[in-house]
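This report describes local packing in one chain. The sequence and the structure come first.

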Amino acid sequence: MYRAWNADCSGNDDKERFIVSCAMPGVVDGPMQDAARQGEYPGVEFYRTFKEKNMLIGPEKVAEFLSWLLFSTDEVEFSSQDWNIFDKSHHRQWLTGPLNTSSET
């Protein structure tokens, strides 16, 4: 869909032009996840599983990923694909240390 938006929103000059892409930062470990794991309701185990399986991503790692994506890729690269934080093909370009405590880079 972002490719269609890029075609539709190209503008006639640089002042009107913007680029669209898709970033998937994973499930971020923070207050919303803490709250989602509390209580008893249908589906609470879904949220608890992320914590139990160490699948949450720290906000610092999400910030590293998004900073790299927004400031270190050019327009062509940025708009060329969906950007998933778990895609190891770009980890060497931005990731310092493990993505989460159980993952390998």
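## A loop histidine and two helices

His90 is found in the loop between strand S2 (82-84) and helix H6 (91-94); helices (H or I, at least four residues) and strands (E, at least two) are DSSP runs, numbered from the N terminus. The model is predicted: local features need pLDDT of at least 70, side-chain atom pairs count only at pLDDT 80 or more, and totals for chains, interfaces and linings use all residues. Residues are numbered from 1 along each chain as its sequence is written, and side-chain values use heavy atoms, with hydrogens and water left out.

His90 has 2% relative accessibility and therefore counts as buried (under 20% relative accessible area; exposed is over 50%, partly exposed in between; 1.4 Å probe, protein chains only). Not counting residues up to four places away in sequence, His90 touches Phe65, Trp68, Trp83, Asn84 and Ile85 (contact: heavy atoms within 4.5 Å).

| Backbone oxygen | Distance to His90 side chain |
|---|---|
| Asn84 | 3.0 Å |
| Asp87 | 3.3 Å |

Helix H4 (residues 59-72) has Lys61, Val62, Phe65, Trp68 and Leu69 as its buried residues. Seen down the axis of H4, these fall within an arc of 135 degrees, so they line one face; the arc is that of the directions from the helix axis to the C-beta atoms. They pack against strand S1 (22-24), helix H5 (75-78), S2 and H6. Exposed Glu60, Leu70 and Phe71 are carried on the face turned away from the buried side of H4.

In helix H3 (residues 44-52), Val44, Arg48 and Phe50 are buried. Their arc about the H3 axis is within 150 degrees, so they too line one face of the helix. Helix H2 (31-36) is included in what covers them.

Technical notes:
Polar contact = N/O pair within 3.5 Å; in protein donor to acceptor, adjacent residues only side chain to side chain.
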